[in-house]
Amino acid sequence: MRDGTIVVAGASLAGLRGAEALRAGGFSGRLVLVGDEPHLPYDRPPLSKHVLTGEIAPERTTLPGVGTLAAEWRLGTPAVGLDRAGRVLLLAGGERLPFDRLLIATGARARPWPEPAAAALAGVHTLRSRDDAAALAAALAARPERVLILGAGFLGCEAASSIRALGLPVTVVDPAPSPLAGALGQVIGGFVAGRMEGAGIDLRTGTEVTRLEGEDGRVRRARLADGGTIPADLVVVALGAVRNTDWLAGSGLDADEGGLSCDRACRALDEAGRPDDAIFAAGDVARFPHPLDGDRPVALEHWGNAVAQAAHAARAMLAGPEAAGPYAEVPAFWSNQFGLTIKSLGLTEGADAVAIVQGDPRSARFLAAYGREGRTVAAVSINAGRWLPAYEGAIREGAPFPPITGGADQPRPKPVPPGLPAPQPA
Ligand SMILES: Cc1cc2nc3c(=O)[nH]c(=O)nc-3n(C[C@H](O)[C@H](O)[C@H](O)COP(=O)(O)OP(=O)(O)OC[C@H]3O[C@@H](n4cnc5c(N)ncnc54)[C@H](O)[C@@H]3O)c2cc1C
């Protein structure tokens, strides 16, 4: 396909990179990007890092390439429905946008605090968008007395690191036994916990906040499941993400808050599991069969996946699913927090062993490999990103665990249980 109309729903990282790939692939027809935010596509990773520390202004996060894309923009205009039979995207305000191909890249939003009245208290924040980051940065500039972060996943830990760097007192609460336990397990999470406490974070793991309480419309404290109370005048709710699929209700596509199901060629699946040849998905919203995990459906929240999957979807749109082949990028993620650059390759979920295969945690520079049933499935580097690419082949091939790398002077790796949560049933 070289001409006609392609519509992209979701004008952020995956939407922009998908649109660019369409143009680079020779698409010369009408290209329309629809975004509910009023902004041109911007980058989210800096929002929990340099934007919170004040080193980058929120409006300086616009993604490179936006200005040169030959496309029409419908910003500040959510897609509200999809007429699949008629091949029309329905926009707020009543506009009907016909398409020959549609790329769905509506990503995810922050999971809010479950009690709406408490979530609406002044001082309670989530962090997903540029506007969220600007509001949080402004609240931090007013020097709150104590910041409470709910959730010690990547976002919560990064926010804790950035806010602590401002010299503010920070408490982090998570029901898991360590930070990052869900993504990296308790072994690596325990190492990160030491760094957090060393930086002066009041870390409360193994307990959870049951109530947020306010006075005069402003949050004042949190009640813990173990009976304790934490005074807090600023709360960051970092409880994970919900995929933006509600607008697809009634479309017949297989979508829920865990994602929009698609096949290996990024084609959206209907409720009967049949691919729709005109509708594709990419980025955080997409739930796709991953060949590294026996085609188990996964939905990633990785910057690199949004870019690579959008490019793959564009190829499949233009050349057809067979020519594009299956999407099989090795998942890759990074995070910066507490003086650590954490990078990961592969899928840790379901791993039954972890071993330090290079470096030494005492020097805060090491690489851990993850194994599942004797096969290498993932690797995580801490301040040692240069070592990581050497493990991609072992992960791709499922090489015996622990993988053979490192120098002759490296002690024999000692695998231990990684302390990951039990895998979710498919
Ligand atoms: C604070 C933060 C820090 C991060 N740091 C890292 C990091 O260090 N490393 C890393 O690998 N990843 C990181 N990520 C994850 C990474 O940013 C995401 O994986 C990436 O943004 C996904 O891009 P996307 O385009 O698929 O989705 P999104 O970025 O979520 O974009 C989706 C867009 O679609 C819009 N939309 C939603 N519904 C509709 C609708 N109905 N109509 C029109 N538009 C709609 C949304 O408002 C949004 O603008 C971070 C994410 C956040 C929030």
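## Interface of domain 1 and domain 3

Two salt bridges cross the interface of domain 1 and domain 3. A salt bridge here is a side-chain nitrogen of Lys or Arg within 4 Å of a carboxyl oxygen of Asp or Glu. Two residue pairs across this interface are in polar contact, both at pLDDT 80 or more. A polar contact is a pair of N or O atoms within 3.5 Å; within protein, one must be able to donate a hydrogen and the other to accept it, and residues adjacent in sequence count only if both atoms are side-chain atoms. By class, the side of domain 1 that touches domain 3 has three nonpolar, one polar and two charged residues. Ala, Val, Leu, Ile, Met, Phe, Trp, Tyr, Cys and Pro count as nonpolar; Asp, Glu, Lys and Arg count as charged; the others, Gly among them, count as polar.

The model is predicted: local features need pLDDT of at least 70, side-chain atom pairs count only at pLDDT 80 or more, and totals for chains, interfaces and linings use all residues. Residues are numbered from 1 along each chain as its sequence is written, and side-chain values use heavy atoms, with hydrogens and water left out.

## Domains and buried area

The domain assignment gives domain 1 as 5–109 + 242–324, domain 2 as 112–239 and domain 3 as 339–397. These bounds come from an automatic or database domain assignment. The C-alpha centres of domain 1 and domain 3 are 30 Å apart. Six residues of domain 1 contact five residues of domain 3, where contact means heavy atoms within 4.5 Å.

About 470 Å² is buried between domain 1 and domain 3, and carbon and sulfur atoms give 62% of that area. Leu292, Asp293 and Arg296 supply 76% of the area that domain 1 buries against domain 3, more than any other three residues. Buried area is the accessible area (1.4 Å probe) that two parts lose on being put together, summed over both.

## The Glu349–Arg296 bridge

Glu349 and Arg296 meet in a salt bridge, 3.3 Å from N to O. The pair links distant parts of the chain, 53 residues apart: Glu349 is in the loop between E25 and strand E26 (353–360), and Arg296 is in strand E23 (residues 296–298). Strands (E, at least two residues) and helices (H or I, at least four) are DSSP runs, numbered from the N terminus.

Arg296 is buried, at 18% relative accessibility. Glu349 is partly exposed, at 31%. Buried means under 20% relative accessible area, exposed over 50%, and partly exposed in between (1.4 Å probe, protein chains only).

## Other salt bridges

The whole structure holds 28 salt bridges. One of them joins Arg96 to Asp83, with the closest N and O atoms 3.7 Å apart. Arg96 lies in strand E6 (residues 96–98) and Asp83 in strand E4 (residues 79–83), so the pair ties together parts 13 residues apart in sequence. Asp83 is partly exposed, at 26% relative accessibility.

Asp256 pairs with Arg287 in a salt bridge, the closest N and O atoms being 2.9 Å apart. Asp256 lies in strand E18 and Arg287 in strand E22 (residues 286–290), so this pair ties together parts 31 residues apart in sequence. Arg287 is buried at 16% relative accessibility, whereas Asp256 is partly exposed at 36%. Elsewhere, Arg211, Glu213, Glu215, Arg221 and Arg223 are linked in a network of salt bridges.

Thr245 sits in the loop between strand E17 (241–243) and strand E18 (255–256). Thr245 is buried, at 7% relative accessibility. Its side chain reaches the backbone oxygen of Asp256 at 2.8 Å. Leaving aside neighbours within four places in sequence, Thr245 contacts Ala255, Asp256, Glu257, Gly259, Leu260 and Val285.

Cys262 is in the loop between strand E19 (259–261) and strand E20 (267–269). Cys262 is buried, with a relative accessible area of 3%. Not counting residues up to four places away in sequence, Cys262 touches Arg267, Ala268, Leu269, Ala281, Ala286, Arg287, Phe288 and Pro289.

## Gly339

Gly339 is placed in the loop between strand E24 (332–337) and strand E25 (340–346). Gly339 is exposed, with a relative accessible area of 61%. Apart from neighbours within four places in sequence, Gly339 contacts Arg195 and Asn383. Gly339 and Met196 are 143 residues apart in sequence and 9.9 Å apart in space, C-alpha to C-alpha.
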